[in-house]
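Here are my notes on the model you sent over. Have it open while you read, and follow along point by point.

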Amino acid sequence: MLRFILFVLNNPSRLTDLLAAWADAGVNGATVLESTGLARSLGYLQEDAPLFPSVASLTQAHKTHQRVIFAVVDERVDADDLLARTEAVVGDLESPHTGIFAVMPVIMVKGLRKHGPGSTA
């Protein structure tokens, strides 16, 4: 059975370690996107932000963005093990500012190539 693994990483500085942990768990293909959550977006809008922000402030805002990592994996990747490895890198997900981990079944997928054990992407 194929599963879609999604993780929202709040601290982008942990990305390299997280991807290494996922690879060790058998995830051989993942996509990483930059994102901004609702809370951060609303918090930014409520601040006294200048109408024309400086380049430095735009660079700083860029650094605070989250990362969304997702992968489609088969049954060889144990979701509980992947969660444990994720928390070993970012901390207990019940703690604030760590991230959100979700696993969903995949009904259909087309266009993936096998790259080795544990991955269909």
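1. Start with I5, which sits opposite A71 in β3. Strand β1 (residues 3-9) and strand β3 (residues 66-73) run antiparallel, with seven bridges joining them. Strands here are DSSP E runs of at least two residues, helices are H or I runs of at least four, and both are numbered from the N terminus. Two strands count as paired if DSSP finds at least two bridges between them.

2. A word on what you're looking at: this is a predicted model, where local features need pLDDT of at least 70 and side-chain atom pairs count only at pLDDT 80 or more, while totals for chains, interfaces and linings use all residues. Residues are numbered from 1 along each chain as its sequence is written, and side-chain values use heavy atoms, with hydrogens and water left out.

3. Now the whole sheet. It is open, with four strands in the order β2-β3-β1-β4 and antiparallel pairing. At the edges are β2 (31-35) and β4 (99-105), each pairing on one side only. Neighbouring strands are turned by 15° against each other on average, direction ignored. Angles are taken between N-to-C directions, from 0 to 180 degrees, using lines fitted to C-alpha atoms (for helices, over the stretch in contact).

4. Helix α1 (residues 15-24) lies across β1, β2, β3 and β4, and runs at about 10° to β3. Along the sequence, the pattern reads β-α-β-α-α-β-α-β.

5. Which residues have the most contacts inside the largest nonpolar core? They are F7, W22 and L82, in a core of 18 residues. Such a core is a set of buried Ala, Val, Leu, Ile, Met, Phe, Trp, Tyr and Cys residues joined through side-chain atoms within 4.5 Å. Buried means under 20% relative accessible area, exposed over 50%, and partly exposed in between (1.4 Å probe, protein chains only). The largest share, four residues, comes from α1.

6. L82 touches I5, W22, A25, V27, V77 and F101, leaving aside residues up to four places away in sequence. Contact means heavy atoms within 4.5 Å.

7. Finally, the rings. There are two aromatic pairs (Phe, Tyr or Trp rings, using the six-membered ring of Trp, with centres within 6.5 Å; stacked under 30 degrees between planes, edge-to-face over 60, the rest tilted). One of them is F7 with F101, a tilted pair at 6.3 Å centre to centre and 55° between the planes. F7 belongs to strand β1 and F101 to strand β4, 94 residues apart. Both F7 and F101 are buried.
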